[in-house]
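Hi,

Here is the structure I promised to pass on. Have a look at it first, and my notes follow below.

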Amino acid sequence: MLRVLFIWLSESKRLRRIAEHSSMGRKNSRRFVAGETVEEALAATAAVNQLGQGVSIDNLGENVTNAQEARSSAALYHQLLDEMAARKLDANVSLKLTHMGLDVDPKLAEEAVSGLVAHAKRTQNFVRVDMEGSPYTQRTLDFVHKLHAEPGNQGVVGAVIQSYLRRSEQDVEDLLSARIRIRLCKGAYKEPPELAFQKKSEVDANYVRLMKMMLKSGVYHGMATHDERMIQATIAFARAEKVPPESFEFQMLYGIRRDLQQQLVRDGWRMRVYIPFGTEWYPYFMRRLAERPANVFFVLKNLFR
Ligand SMILES: Cc1cc2nc3c(=O)[nH]c(=O)nc-3n(C[C@H](O)[C@H](O)[C@H](O)COP(=O)(O)OP(=O)(O)OC[C@H]3O[C@@H](n4cnc5c(N)ncnc54)[C@H](O)[C@@H]3O)c2cc1C
């Protein structure tokens, strides 16, 4: 119930306007968001790198409504790629196609992301295209396949698969046959039963099934989850199949299960932390509350401090 409520609230434009402009909202968002500026995101990245963990930086924002906004979002990612190289950070970037203008004009998004992938190629970096709600699944996958097929782009751009979607097994097969790097997650949006498994046990079982297909592929993938059972299943499979620890990475969100992040590094596994930053933190923040009721109590407690 709470999950559905918070996902619904995450789509409210009115609440978003109020929250993003209130100092209380900003203060609370800091639990999961590194700050509002590039400098704050880079400082958080350097701190995470010090712990032996990689980073993927995400400039928060989705569904831009005009070309100018889309171009500014892309410009900010160019700045991030330059700074990552100049500061020798162990970091790449994650972006959403709707933030690059997909809803305004698909050509605009294509130009923007092609430019970023070309930049990442020059600086030996990597661009991950996040996965959004199901109206965008096919378009996003087509986009990544097309971009990845261009000369020199192999290994420079990757996709995300959500284990709650019934279609994902086929999508993983297609991505693997093109040797495209995948981030596997459970999925963060509200999807209908005809498209997505609704029971946690089914989503988890599909996660494990897809993880096994991915780890056997010999392509470098990311297992994005905070679920200890998914992590244990991945470790057990990697050990049983003799998949070397350096041939894939675990990924977790900034501010969530730091204890587990550090434990995995101590145990010799690779870890990448997804660091979001920016002024448009509201939908991201609300999706994190939707995932765990205890986070709502944390926020309520802070309101009365
Ligand atoms: C690096 C990364 C990138 C992602 N990219 C995408 C994407 O592109 N598209 C997309 O749809 N989704 C994305 N997600 C979100 C993902 O789909 C899930 O919504 C989210 O990770 C929660 O699922 P879980 O695997 O942690 O398991 P769950 O079953 O939700 O949680 C398992 C356990 O993890 C801990 N936990 C989970 N969430 C939280 C939280 N918010 N606060 C505190 N503890 C928590 C709790 O202990 C919980 O019991 C991403 C997640 C990660 C880690």
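Which residue stands opposite Tyr274 in strand 8? One is Ser56, and Leu253 also stands opposite Tyr274. Before the rest, some housekeeping: this is a predicted model, where local features need pLDDT of at least 70 and side-chain atom pairs count only at pLDDT 80 or more, while totals for chains, interfaces and linings use all residues. Residues are numbered from 1 along each chain as its sequence is written, and side-chain values use heavy atoms, with hydrogens and water left out.

**Strand 8 and its neighbours**

Helices (H or I, at least four residues) and strands (E, at least two) are DSSP runs, numbered from the N terminus. Two strands pair if DSSP finds at least two bridges between them. Strand 1 (residues 54–59) runs parallel to strand 8, and the two pair over six bridges. Strand 7 is parallel to strand 8 as well, joined to it by four bridges.

Strand 8 is largely enclosed by the rest of the structure, because seven of its seven residues are buried. Buried here means under 20% relative accessible area, with exposed being over 50% and partly exposed in between (1.4 Å probe, protein chains only). In a regular strand, side chains alternate between the two faces of the sheet. Both faces of strand 8 are covered: Met271, Val273, Ile275 and Phe277 are buried on one side, and Arg272, Tyr274 and Pro276 on the other.

**Rings**

Two aromatic rings are described by how far apart their centres are and by the angle of their planes. The rings of Phe, Tyr and Trp (its six-membered ring) pair if their centres lie within 6.5 Å; planes under 30 degrees apart count as stacked, over 60 as edge-to-face and the rest as tilted. The whole structure has six aromatic pairs. One of them joins Phe248 and Phe250 edge-to-face, at 5.5 Å centre to centre and 75° between the planes. Phe248 is buried at 2% relative accessibility, and Phe250 is buried at 1%.

Phe248 also pairs with Trp269: the centres are 5.9 Å apart and the planes are at 45°, so this pair is tilted. It links distant parts of the chain, since Phe248 is in strand 7 (residues 248–253) and Trp269 is in the loop between helix 11 (258–266) and strand 8 (271–277), 21 residues apart. Trp269 is buried too, at 8% relative accessibility. Elsewhere, ring pairs link Phe32, Trp281 and Phe285 into a cluster.

Charges meet rings as well. A charge sits over a ring if NZ of Lys or CZ of Arg is within 6 Å of the ring centre and within 35 degrees of the ring normal. Arg181 lies over the face of Phe126, 3.7 Å from the ring centre, and the charged end of Arg288 sits over the ring of Tyr284, 4.5 Å from its centre.

**Pockets and a cavity**

These come from a 1 Å grid over the protein atoms alone: a cavity is a set of points where a 1.4 Å probe fits but cannot get out, a pocket is an open set with protein on both sides within 12 Å along at least five of seven lines, and lining residues have an atom within 4 Å of a point. Grid points are joined across faces, edges and corners, and a volume is the space filled by probe spheres set on the points.

The largest pocket holds about 1300 Å³ of space. It is lined by 49 residues, and the closest to its centre are Lys186, Gly187, His226, Arg288 and Glu291. Helix 12 gives the largest share of this lining, five residues. By class, the lining has 21 nonpolar, nine polar and 19 charged residues (Ala, Val, Leu, Ile, Met, Phe, Trp, Tyr, Cys and Pro count as nonpolar, Asp, Glu, Lys and Arg as charged, and the others, Gly among them, as polar).

The second largest pocket has about 770 Å³ of space. Among its 28 lining residues, Ser10, Arg16, Glu62, Asn63 and Pro283 are the closest to its centre. Helix 2 gives the most to this lining, with four residues.

Cheers
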